[in-house]
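This report describes a two-chain complex.

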Amino acid sequence: MSIFKFSPRGARFGVPFWELEKMRDHMDSIYNALAGSVSQIRKNYTGVFPLVNLSEDDENLYLTAELPGAVKDKLEVSVKGDTLSLKGEVRQAETEAGEEQTYHRRERESGSFRRNIDLPVKVNIDGVSAGFKNGVLTVTMPKAAEAKAHHIEIKTE
Amino acid sequence: MSNDLNVREKQEVKVGAAENTSDKPIFSPMVDIWETDKGLMLVADMPGVSPEDLSLDLSDNTLTISGRVAPAPEGRKALLKEYEEGNYYRQFSLAETIDQSQITAALKDGVLKLELPRVAPAQPRKIEIKTEDDSAPAGSCPHDNG
């Protein structure tokens, strides 16, 4: 058992190098401020399963997660306010059959997961759709009207 | 089942420079291999790979699994990137006990399943011993062929 639970963004109480981490965060924020438009790209590693990628275009916000072997019927995606929740199970039915099987390699994992993700913009909850293809979950979330880029025409006098 | 899943970082592999023609990284898929009654079962996680983009190659007792992921849709701006998308590549050397002509593969939900059956055990076969008594003329030596 590990003495320190890995919770990088949560409570840092008891984590020995939290001062250093704080400094790193500070440097990140300076770097992001200098980099300007990329400031929104957060490359922080949360360590929470599943890892997700978020992207956007003018209309939608897209979330993708690699979930090979996830049970489609048990995948749950829900949006409440600005938070997206993912819940599900990755199962290897054939390995459940018996632990006494002789394994030559055992690298894959099975189990359940649950994760909440804060969305950077407001989304239109009614329009959210999700698809699961080739083991990749894609959630498409239309941006709320107020979050969409509003193009203003410039009139010439 | 109550165990929670942990994040496992993908293992990037370095394949010969000529192999990688795309700018994507190449990962080694996680696999399970276990014994079955008939032979071996190999299961590999390859999320994002469609059956058309999967290739299985068998030569000189080496099984090569490679898969390409579909390119990300154009015109999207990344906001958060926790994982990298990439292609997959891994090689296995097969034991001689595997019947290479009988390998079957299936890809579903990003999980590749390969059945590797063992060579059927040699069937006991009775070898008939012909006696030359009936045909050979008496007195000829059976080892003398000319």
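The confidence score pLDDT is the predictor's confidence in each residue, on a scale from 0 to 100. Chain B has an average pLDDT of 82, and 83% of the residues score at least 70. For the complex, the predictor gives an ipTM of 0.74 and a pTM of 0.71. This is a predicted model, in which local features need a pLDDT of at least 70 and side-chain atom pairs count only at pLDDT 80 or more, while totals for chains, interfaces and linings use all residues. Residues are numbered from 1 along each chain as its sequence is written, and chains are lettered from A and ligands numbered from 1 in the order in which they are written.

Secondary structure follows DSSP runs numbered from the N terminus, with helices (H or I) of at least four residues and strands (E) of at least two. Chain A contains two helices and eight strands, arranged along the sequence as α-β-β-β-β-α-β-β-β-β. Two residues are in contact if their C-beta atoms, placed from the backbone, lie within 7 Å. Among the contacts in chain A with a separation of 6 or more, 52% are between residues 24 or more positions apart.

A residue is buried if 20 or more other C-beta atoms lie within 10 Å of its own, exposed if 12 or fewer, and partly exposed in between; the C-beta atoms are placed from the backbone. Of the 157 residues in chain A, 19% are buried. A nonpolar core is a set of buried Ala, Val, Leu, Ile, Met, Phe, Trp, Tyr and Cys residues joined through C-beta atoms within 7 Å. The largest such core has 20 residues, and those touching the most other members are A:Val52, A:Leu63, A:Ala65, A:Leu67, A:Leu84, A:Leu137 and A:Val139. The strands of chain A listed below each supply at least two residues of this core.

| Strand of chain A | Residues |
|---|---|
| β2 | 60-66 |
| β4 | 83-90 |
| β8 | 136-142 |

Strand β1 of chain A belongs to that group too, and β8(A) gives the largest share, four residues. Apart from this core lies another, of 19 residues, including B:Leu40 and B:Tyr89.

The contact between the chains takes 42 residues from chain A and 32 residues from chain B. On the chain B side, the elements giving two or more residues are β3 (31-35), β4 (39-45), β5 (49-59) and β7 (77-81). This side has 16 nonpolar, six polar and ten charged residues; Ala, Val, Leu, Ile, Met, Phe, Trp, Tyr, Cys and Pro count as nonpolar, Asp, Glu, Lys and Arg as charged, and the others, Gly among them, as polar.

Strands pair if DSSP finds at least two bridges between them. Strand β1 of chain A (residues 52-56) and β7(B) run antiparallel and are joined by four bridges, with A:Ser55 opposite B:Ala78. A:Glu56 also lies in β1 of chain A and counts as buried because it has 20 C-beta neighbours inside 10 Å. Its contacts, not counting residues up to four places away in sequence, are A:Leu61, A:Tyr62, B:Arg76, B:Lys77 and B:Leu79.

An open antiparallel sheet of five strands has the order β5(A)-β3(B)-β4(B)-β10(B)-β9(B). At its edges stand β5 (103-106) of chain A and β9 (104-108) of chain B, each with a single partner strand, so one side of each is left without a neighbour in the sheet. Within it, β3(B) and β4(B) pair over five bridges in the antiparallel sense, and B:Val31 has B:Ala44 in β4(B) as its bridge partner.
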